Amino acid sequence: MKLINNEVKKLIDNIRKNSSSDVAHKIALGVDLPVNPTPIEKSEWVRYISTKLEKYFDEKTIKKIRMGCYCTENGKLEESKTFIKKIYDNSVSMTDFVNKMNEYQAGWYIKDGNLHTKYYSCPCPMLEAVSSLPTKTWCYCTVGYNKEIFEYVFNCEVDIELLESIKMGDNQCLMKIIPLPKKE
């Protein structure tokens, strides 16, 4: 039995949630991604998958699919959630929270009442050999990663807009975090 890369499994599961099993397998298995791929193999797979997703789905569906594909970074996601939540819980206001996070060189700010977060280097382990991307398609996994963090931290649903992406030529990855009103 052939082993399937975890990235491929996540992609299949998330395409299935928005389409069919046939489409999921056709896209995710269209180019082989070994269990332990080289940076070049990752790069080729990313470009292939992004192109196929854009061929089959609209932007909203692509975002939903890719947001579900975030990685846990071998426990780093849980560490980040716990760390950020502790700082948030010990803050007296959103401004205080941002100031405390910026003591760790986060570079966060509040604009129009919304938190804006940054990455100064591309956080995606799949993109180490990718110098640039033509669209945001692949970057939506980082949006999903941040959604997981901030829904935990704020204890409510959040929407996240990806405003800038390093792999699309920007100097940073910039996201706007929008807490949504709690449903009654």
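Reader: What is the relative accessibility of Met94?

Author: Met94 is at 28%, so it counts as partly exposed. The cut-offs are relative accessible area under 20% for buried, over 50% for exposed, and partly exposed in between, with a 1.4 Å probe and protein chains only.

Reader: What are the ground rules here?

Author: The model is predicted, so local features need pLDDT of at least 70 and side-chain atom pairs pLDDT 80 or more, while totals for chains, interfaces and linings use all residues. Residues are numbered from 1 along each chain as its sequence is written, and side-chain values use heavy atoms, leaving out hydrogens and water.

Reader: Where is Met94 placed?

Author: Met94 is in helix 6. Helices are DSSP runs of H or I with at least four residues, strands are runs of E with at least two, and numbering starts at the N terminus.

Reader: And which residues is Met94 in contact with, leaving aside neighbours within four places in sequence?

Author: Tyr88, Ile110 and Phe154. Contact means heavy atoms within 4.5 Å.

Reader: Zooming out. How many helices and strands does the protein have?

Author: Seven helices and four strands. In sequence order the pattern reads α-α-α-α-α-α-β-β-α-β-β. The radius of gyration is 17 Å, close to the 16 Å that the globule rule gives for 184 residues, so the protein is as compact as a globular protein of that length. That radius is taken over C-alpha atoms, and the rule is 2.2 Å times the number of residues to the power 0.38.

Reader: What does the C-alpha trace span along its principal axes?

Author: About 55 × 40 × 30 Å. Of the 184 residues, 45% are buried. Among contacts between residues at least 6 apart in sequence, 59% join residues at least 24 apart.

Reader: Now helix 5. Which of its residues are buried?

Author: Leu77, Ser80, Lys81, Ile84, Lys85 and Ile87. They sit on the same side of helix 5, because they cover an arc of only 160° around the axis. The arc is that of the directions from the helix axis to the C-beta atoms.

Reader: What does that buried side pack against?

Author: The buried residues of helix 5 pack against helix 6 and helix 7 (140–154). The face turned away from the buried side carries the exposed residues Glu79 and Lys86.

Reader: And what is the reach of helix 5?

Author: Its 14 residues reach 20 Å from first C-alpha to last, close to the 20 Å expected at 1.5 Å a residue. The expected span is 1.5 Å times one less than the number of residues.

Reader: Take Ser80. Which residues does it touch, beyond four places in sequence?

Author: Ser80 is in contact with Tyr145 and Ile149. Its relative accessibility is 17%, so it is buried.

Reader: Rings next. How many aromatic pairs are there?

Author: Nine in the whole structure. Phe83 and Tyr104 form one that is edge-to-face, at 5.0 Å centre to centre and 85° between the planes. It links distant parts of the chain, 21 residues apart: Phe83 in helix 5, and Tyr104 in the loop between helix 6 (94–102) and strand 1 (109–111). Rings of Phe, Tyr and Trp (its six-membered ring) pair if their centres lie within 6.5 Å; planes under 30 degrees apart are stacked, over 60 edge-to-face, the rest tilted.

Reader: Which residues do ring pairs link into a cluster?

Author: Tyr88, Phe97, Trp108, Phe150 and Phe154.

Reader: Which ring does the charged end of Lys81 sit over?

Author: The ring of Tyr152, 4.9 Å from its centre. Arg66 lies over the face of Trp138, 3.5 Å from the ring centre. The test is NZ of Lys or CZ of Arg within 6 Å of the ring centre and within 35 degrees of the ring normal.

Reader: Last one. Where is Asn114?

Author: Asn114 is in strand 2 (residues 114–119). It is buried, at 16% relative accessibility. Not counting residues up to four places away, Asn114 touches Tyr109, Lys176, Ile177, Ile178 and Pro179.
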